[in-house]
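Hi everyone, thanks for coming. Today I'd like to walk you through how two parts of a protein meet. Have a look at this one with me.

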Amino acid sequence: MKETQTIETKTQSTATTERLAGSEAIIKCLIAEEVDIIYGYPGGAIMPVYDELYKYQDKIHHVLTRHEQGATHAAQGFARISGRVGVAIATSGPGATNLITGIADAQIDSTPLVCITGQVGSHLLGSDAFQETDIVGISTPVTKWNYQITKASEIPEIIAKAFYIAKSGRPGPVLVDITKDAQFEEFDFKYEKCARIRSYTPVPDTDASKVKLAADLINSAKKPMIVWGQGIILGEAENELKAVIQKAGIPAAWTILGASAIPTSHPLNVGMVGMHGNYAPNVLTNECDVLIAIGMRFDDRVTGNLDTYAKQAKVIHFEIDAAEVDKNVKTDIAVIGDAKNSLQQLLPLLNENRHTEWLKEFNDLYEIEFEKVIKKDLHPTKEGLTMGEVLKEINKQTKGEAAIVSDVGQHQMIACRYAEFKNTRSNITSGGLGTMGFGLPAAIGAKMAAPEREVISISGDGGYQMTIQELATIFQQKAAVKVVVLNNDFLGMVRQWQQLFFDKRYASTEMTNPDFVTIAKGYYLNARRVTKREELADAVEEMIASKEAYFLEVCVEKEDNVFPMIPSGASVSDIRLK
């Protein structure tokens, strides 16, 4: 299936014409887009491109992952820590379909990816040929845009458009499917970067009058509260957010994808909202008089029961994607546009304020959470290790400078709750899709994009085994990722729900695990297992000191739960501390 929509584009010409095969043209396009690392797995329908990659090894470094899903997650990690477009490549059929989970994850989490897939020859399309799948049809619901190329002459324009769409406005994944005959066909190649597409406005102009209305409402508020999301990071608006909350004295909370935009130690950073977020910002969402949402989409994990969510508050929504406004929560004022520009316009209109009594309410509720939850997580008195104290030790030894890449489950919520961040783009996790297996390959991509940073992958024993084969990628690439597995011999998050809501019927959640340390050593990684509290500090120190990749298994309490918790379908006010 080929997309037939014609879109007029404005381009930036920088090249002269040369006669090339389509496969070489693809590589030249990637080089023109300043791509220097791609993740993928070869196969028959993409082999001509790999043959050209072999010739351009000095320009583009190809990372052979051990599964195509690993390629997309690695490309996501690369994109999330660097702000650049991640690139993944695969063959047709199962190679292409194996990309879908990572593409879907990137779509819901607004991660810029360009995925290139090989396809059977155009004369075979629709014939059920060997390794033929309609990847354009399959990927349509989970891509920002996709296209199938059947003529080599289409390659420059479509790839230019793919990069522009992936990274502009609200970012997302784009898939380009290229038939094998188009890869062999020769044509007169010239590459022009895409600068505009007719009918596509990635960054709407901010309406100054709406900003003024928002400022007036904020200035009159007695109990204002900000909830920011990843839009702050994607829009590079971290300094603007900090300036706004400091000038107006507004308590500010974050979604899990917004974490690290401002330091966790900032006095107006009041913690995480959502199902396993902090007690104060969840409860006080239903007591604030003005709720200011910036670059977040009111996901159900944040809002809980929409019928009871912030009904007492006036809602201001700063958002780049107009489709997200009023989708879940009815807003009183919507400011459509880029977060950085919108906050720059807002800042001079705000009054200096402190809201001391209002902030005290957050602090008082934090003390309740500390006594009932945090103290038990970080300073346990029982014999078994907790996930929280592992994060506490990592914080202590990395001083908040590390990038934490978490998988999905209890360990993810603990990592997001307790990791200390000084720098932006330091919390990399699967948010909207909740993809188990994300963490390990995403950490590889993050480390390769930012080799100067300490990158720590934190997984549970369940998600880790979904992409455990990427340990081979770590070894082959000599990527100095630090891999931590918090092992409780359970699919912990599902087990927690079974305990709380299904009368402890632990159906298919207990894990019989292999010897993870032996497996890591089989991949030639330094590895260690910790079972006792007195071993933890030394093991973390050894891991952080290593100049090479390191695997650390920490055996934690089997039936610990993550609290606070908002039960599914409940109000944010009904958050449980036990």
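In domain 2, 17 residues are in contact with 20 residues of domain 3, where contact means heavy atoms within 4.5 Å. This is a predicted model, so local features need pLDDT of at least 70 and side-chain atom pairs count only at pLDDT 80 or more, while totals for chains, interfaces and linings use all residues. Residues are numbered from 1 along each chain as its sequence is written, and side-chain values use heavy atoms, with hydrogens and water left out.

Where are these domains? The assignment, automatic or from a database, puts domain 2 at 208–362 and domain 3 at 383–555. Their C-alpha centres are 31 Å apart.

Together, domain 2 and domain 3 bury about 1400 Å², 58% of it on carbon and sulfur atoms. Buried area is the accessible area (1.4 Å probe) that two parts lose on being put together, summed over both. On the domain 2 side, Ile256, Ser260 and His276 lose the most area to domain 3, making up 39% of what that side buries.

How many salt bridges are there between domain 2 and domain 3? The count is zero, taking a salt bridge as a side-chain nitrogen of Lys or Arg within 4 Å of a carboxyl oxygen of Asp or Glu. Nine residue pairs, both at pLDDT 80 or more, do make polar contacts across this interface. A polar contact is a pair of N or O atoms within 3.5 Å; within protein, one must be able to donate a hydrogen and the other to accept it, and residues adjacent in sequence count only if both atoms are side-chain atoms.
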